[in-house]
Protein chains: 2
Amino acid sequence: MLPVFGHQNPDTDAITAALVYASFLTRTGTPAVAYRLGDLNFETPFVLREAGIEAPAMLPELAPGTAVALVDHNETVQSAPNLADLTVTHVVDHHKLGDLQTNAPAMLRFEPVGSCGTILLRLHREANLTVEPLEARLMLSAILSDTLHFRSPTTTDADREAVEFLAPVAGIDDVTGYAMRMFVAKSDLGDTPAEQLLKIDYKEFVFGEGEAAQRWGVGVTETTNPAYVLGRQDELLAAMRRLKQEEELQGVLLSVVDILQEHNETLVPSEAEAAVLQGAFGVQVAGDRANLGSCISRKKQLIPALEEYFARQG
Amino acid sequence: MLPVFGHQNPDTDAITAALVYASFLTRTGTPAVAYRLGDLNFETPFVLREAGIEAPAMLPELAPGTAVALVDHNETVQSAPNLADLTVTHVVDHHKLGDLQTNAPAMLRFEPVGSCGTILLRLHREANLTVEPLEARLMLSAILSDTLHFRSPTTTDADREAVEFLAPVAGIDDVTGYAMRMFVAKSDLGDTPAEQLLKIDYKEFVFGEGEAAQRWGVGVTETTNPAYVLGRQDELLAAMRRLKQEEELQGVLLSVVDILQEHNETLVPSEAEAAVLQGAFGVQVAGDRANLGSCISRKKQLIPALEEYFARQG
């Protein structure tokens, strides 16, 4: 059984893409099983509960040389710790191509769309496979989640068309209402410790090249209730400073994204990050916070601006 | 117009894939134009003449940041010299994923099949595009060329099915006869200087990692007339030794592949290559030549064996 898994700190797209691609591969002759690389966020359990299914199991340690399929990521720092020893035979992703290399020709399917769900729907159509209601619901949820119901600048026409096709198959009449319930579930953070809150949607990146290269951690909290998250600013900043030291990072950021207002307020743990944000976005940092306005997409806005900034320094 | 190009030392797959993918992109809303990165081999002019079309122009120097589409390769050493400054937005390839990275999410389509022609036919079918006779002929020629008319171990069922579909569309009744005429054209090397003969289908590879890494050049001459090529062994060995010195390579090989007998006789310019071939293939070198038997695919047999050998040394 080919293991299929998304990135560390999995979001709804990473989990549902693993489930749907494993089902697709199995139906098309390659028996596969979905796994996850970490704890679920607060949105995905809602999606799985509504779909009536369990979360995939945690990925066990795999023997060197085991064939694996990746979804929703391709950079080794975001993948299984021993990815370099595994044999990647399939990738479905909508991120830029990073440091992945394969030992042999593989099946790679990358498209610049808002969600892996959109690519997976294409795979079904191309293979003339019926889309079952369960998979339709999972793909639709992934697209709504990753595009913040079409608010993110990563949204493409293909994502909108996919949702239009999938909603009736999934039996979801009120897509807007369903999306809102997903986002409210995601925002119900309860008494989650600050360390955990910071890591819910958190990825590491390397900026710059050679000796000047810097490792940064960039978290995003997408919420319908930013006041709650920003009310815990001091705790979160303390957690960011600890993480930075423990992981020997050069920078850590946490963007609190107001889904409904499409606004980004970013927490800034030290002068170092403040200087970079000023250089990259032309903003002033006040009270350990930077107003990044409508820059709400890490993939399409935050990371490219940081990459350009570090490239200019290099 | 998006420039589309295959690898340096283009073969029939690299040239025809650029032509067909440029046509496909144009028909699906992204105006594109095919280019080549080097002189044609002896097979491709036959294919283009039979198809009644001209070869694509040489790729001009492109301004940094220009968007480009790659076909039939992805490693920077095999691509445009300034690839690192260009913006790769599309790739169609059937090789293993190498050192390519992209600045933004891109359209990547890699499949472990015998030829880019097979992937391009899929793209047409998925997009519900009619396959025109010209493109059918080009894709069919690419598949026959890259798989040596299904003799190569890289051949898959998808390649066979593609040829079965394409032959009537292209108006080619006798596929075996057409393939033979292609291979004879390829073997008509005339008085090609040894330097040029060596470079007709030649690629650079990096074996091993870190300080132990070695750059090798590996040429393959697929021919229906191996006696002619091996008759020029001394000239070819001299050219290989010169190339090795000029390019500061650690090794150079030239495999003379008898298409019809499916046999590989490899020229060995020094003790260094002899030792590696012995370690990688367990063969003895006699008279500057190694009998590599039925190892006729560089991609599927020669390079993996060399990579494994260097990995064991590391």
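In this predicted model, the centres of domain 1 of chain A and domain 2 of chain A, taken over C-alpha atoms, lie 25 Å apart. Domain 1 covers residues 2-186 of chain A, while domain 2 covers residues 194-312.

**How the two domains meet**

Where the two parts of the chain face one another, 20 residues of domain 1 of chain A are in contact with 18 residues of domain 2 of chain A. Together the two domains bury about 1800 Å² between them, and carbon and sulfur atoms contribute 58% of that area. On the side of domain 1, the three residues A:Asn9, A:Arg151 and A:Pro153 provide 29% of the area buried against domain 2 of chain A, which is more than any other three residues supply.

**Polar and charged pairs**

| Pairing across the interface of domain 1 and domain 2 of chain A | Number |
|---|---|
| Salt bridges | three salt bridges |
| Polar contacts (both residues at pLDDT 80 or more) | five residue pairs |

A salt bridge is formed by A:Glu222 with A:Lys186, and the closest N and O atoms of this pair are 2.7 Å apart. Helix α6 of chain A, which spans residues 175-187, gives the largest share of the side of domain 1 that touches domain 2, namely four residues. Sorted by class, that side of domain 1 of chain A holds eight nonpolar residues, nine polar residues and three charged residues.

Technical notes
Residues are numbered from 1 along each chain as its sequence is written. Chains are lettered from A and ligands numbered from 1 in the order in which they are written. This is a predicted model: local features need pLDDT of at least 70, side-chain atom pairs count only at pLDDT 80 or more; totals for chains, interfaces and linings use all residues. Side-chain values use heavy atoms; hydrogens and water are left out. Domain bounds come from an automatic or database domain assignment. Contact means heavy atoms within 4.5 Å. Buried area is the accessible area (1.4 Å probe) that two parts lose on being put together, summed over both. A salt bridge is a side-chain nitrogen of Lys or Arg within 4 Å of a carboxyl oxygen of Asp or Glu. A polar contact is a pair of N or O atoms within 3.5 Å; within protein, one must be able to donate a hydrogen and the other to accept it, and residues adjacent in sequence count only if both atoms are side-chain atoms. Helices (H or I, at least four residues) and strands (E, at least two) are DSSP runs, numbered from the N terminus. Ala, Val, Leu, Ile, Met, Phe, Trp, Tyr, Cys and Pro count as nonpolar, Asp, Glu, Lys and Arg as charged, and the others, Gly among them, as polar.
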